[in-house]
Amino acid sequence: MYPVELQYTKDHEWLRVDESTGTIGITDHAQKELGDIVYVELPKDGERMTAKETLGSVESVKAVSDVYSPVSGQVVAVNSKLQDKPELINTDPYGEGWLVRLRLTDPREAEGLMSSEEYEAYVQGKAAH
Amino acid sequence: MAKMLKPPSSARPHITRNEDLIFELSAPGKVGADLAPLDVPAASAAEELGAELVRGEIEGFPEVSELEVIRHFTRLSTWNYGVDTGLYPLGSCTMKYNPRVNEVVARLEGVATLHPYAPDELAQGCLRVLYETARCLAEITGMDAVSLQPAAGAQGELTGILMIRAHLADRGHPRKTILIPDSAHGTNPASVAISGYEVRNLKSNARGCLDLSELGRAMTEDVAGLMLTIPNTLGIFETDIRKIAELVHAKGGLLYMDGANMNALVGVAQPAAFGVDVMHLNLHKTFTTPHGGGGPGSGPVAVRKFLEPYLPSPLVAHGQDGRYFLDFDRAKSIGRVRSFCGNFGMAVRALAYILANGAEGLRQTTEDAVLNANYVRERLKDLFALPYDSPSLHECVFSDSRQAAKGVRTGDIAKRLIDYGFHPYTTSFPLIVPGAMMIEPTESASKAELDAFIEAMRSIVQEVEEDAELVLKAPHTTRVTRLDETAAARKPVLRWKP
């Protein structure tokens, strides 16, 4: 159900590692829980991120949620389309709804994240709670 | 019950008719006043005052008659839904009755007309009102000193955190972080960030309370304090509060209590006894000062003795000679947080409420608030999921998870409640409950009213089973039906244009 080529965090971010860069977004589960996204706050190009620190926030009609960086790195691109079309996160969370691209400080950091299977079990475990 | 569907727009009764903007009621040449003909020589304002001081036509100003203005605003006023209209179970907001005696007292001439710059000698009565209000709030919380300055809850939080910072700085180092549980009101992290601290979130445990082991790990000597709402936003009392306070104090941190939910404690428990060092109260919630329409609010802060020097300045003092005065001679104060003595009129109303009830009455109020919430919980728990089943105090939080299976979420049920004549409960908060339905009936609701609310909720659950569309498209009986909240947030239209 969750793309197998991605890695996941407990805070519902996904990471796609491409050699030394990593693309970050929020999962389909996260966008469904939040509902219609109406505003996105993203870092600036060149900003340095530390793993587990706030990267930005997404706002829906229900709530504002912080997005945490799954890994450390420097921002090399942000998805500027989201300023006008935040709904891309709802319609295509793993594609056009990506948030930020980082140049990874240490690609090994991603090893601590969850696989698609682990994340699915994690989400189901939470729902059963 | 007959289904309440939208009547055809052409057949709406006059009283439920939608109302045009006053600009749309305008007709050229219409005026609200009929002035007598001039009986003195006409003068030219431009000549007498200078042309640059004369304003020309105000473009687009509505031209309407006096009666049209009166009817327009009178009709609009009937659109309000307030605590004076019916049950308002908006969780976390404590929408309780504002007794009329408060308003009588606040309108006494000496209270209502005193100038804020009047010298202390001419303001003895009002200074005493402030002094007594602070004294009563100190007794209710068990704390040693109170400032009435903060204008509302969030400003009370900011004031409290700034005092923690000032105190720790005096002790050598202000530290870096403040701990906040994930069930907190959103204003808590905001107050902390504005005070120059980093926020660290603590996850709640399966009982909906703060997790002691998580607190133990997080509580280091870099942590300035813990900000805790008691009872928390699930309406659950932190039964480990004494141990929590010990853990925080052992590392030299301070315990801040968000008193937003004091309606569950007044007259029954004093936060000072839990180990709280500083807290705020919401007079516009717990102490029956007006809450809707902008209040204004009032968020007094109460502190233990060692924090008193940092309270905002001035404080009302009672001198040796029996006179009351504003004491500005407070070197360690964090300074002023609000003009004059805060929202004075709210202190007057809160004091009227406290004195009218007395200790016994306040205790009864709290017990009734808790009883009402538990009655609702008991009578709805077979229909809605209860994600945290620890005992409830003044409010209960269900989840929409069973109804979500039919595609109906908390917001849909809330909107359908409007058709039944009730103000919705709080939706989607606290964030730790997906699809939260937060119900706080307060002590003001009678059993008959609670029963009507419960019947409405039960009826809606049946509708979800039989005809989910009816709920998904609600409300049907209002002037304006379901709004597109997403479009309103994504592409807000903030200005009317002809």
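Predicted model: local features only at pLDDT ≥ 70, side-chain atom pairs only at ≥ 80, totals over all residues.
Trainee: Over how many bridges do strand β8 (residues 315-318) and strand β9 (residues 324-327) of chain B pair?
Mentor: Residues are numbered from 1 along each chain as its sequence is written, while chains are lettered from A and ligands numbered from 1 in the order in which they are written. Strands are DSSP runs of E, at least two residues long, and helices are runs of H or I, at least four long, both numbered from the N terminus; two strands pair if DSSP finds at least two bridges between them. For β8(B) and β9(B) the sense is antiparallel, and the number of bridges is four.

Trainee: Which strands are at the edges of the open sheet in chain A?
Mentor: The sheet has three strands with antiparallel pairing, in the order β4-β6-β7. An edge strand pairs on one side only. That leaves β4 (37-41) and β7 (64-68) of chain A.

Trainee: By how many degrees are neighbouring strands of this sheet turned, on average?
Mentor: Axes are lines fitted to C-alpha atoms, for helices over the stretch in contact, and angles run from 0 to 180 degrees between N-to-C directions. Direction is ignored in this average, which is 25 degrees.

Trainee: Which residue in β6(A) is the bridge partner of A:Tyr39?
Mentor: β4(A) and strand β6 (residues 54-60) of chain A pair in the antiparallel sense over four bridges. The partner of A:Tyr39 is A:Glu59.

Trainee: How many residues of domain 2 of chain B are in contact with domain 1?
Mentor: By an automatic or database domain assignment, chain B is divided into domain 1 (100-356) and domain 2 (360-483). Their C-alpha centres lie 30 Å apart. Contact means C-beta atoms, placed from the backbone, within 7 Å. Domain 1 supplies 19 residues, and domain 2 supplies 18.

Trainee: How many charged residues are on the side of chain A that touches chain B?
Mentor: Seven residues of chain A are in contact with seven of chain B. Ala, Val, Leu, Ile, Met, Phe, Trp, Tyr, Cys and Pro count as nonpolar, Asp, Glu, Lys and Arg as charged, and the others, Gly among them, as polar. The side of chain A has four nonpolar residues, no polar ones, and a charged count of three.

Trainee: Is B:Met95 buried or exposed?
Mentor: B:Met95 lies in the loop between α2 (66-77) and α3 (100-106) of chain B. Beyond four places in sequence, B:Met95 touches B:Val83, B:Tyr88, B:Leu90, B:His291 and B:Thr442. Buried takes 20 or more other C-beta atoms within 10 Å of the residue's own, exposed 12 or fewer, and partly exposed is in between, with C-beta atoms placed from the backbone. B:Met95 has 22 within 10 Å, so B:Met95 is buried.

Trainee: What percentage of the residues in chain B are buried?
Mentor: Chain B has 16 helices and twelve strands. The C-alpha atoms fill a box of roughly 80 × 70 × 45 Å along the principal axes. Of the 498 residues, the buried part is 41%.

Trainee: Where in chain A is confidence lowest?
Mentor: The mean pLDDT of chain A is 93, and 98% of its residues reach 70 or more. Confidence is highest in strand β8 (residues 73-78), at 97. The lowest mean, 86, belongs to helix α4 (residues 116-128) of chain A.

Trainee: What ipTM does the model score?
Mentor: Chain B averages a pLDDT of 93, with 97% of the residues at 70 or more. The pTM is 0.87, and the ipTM is 0.71.

Technical notes
Contact = placed C-beta atoms within 7 Å. pLDDT = per-residue confidence, 0-100.
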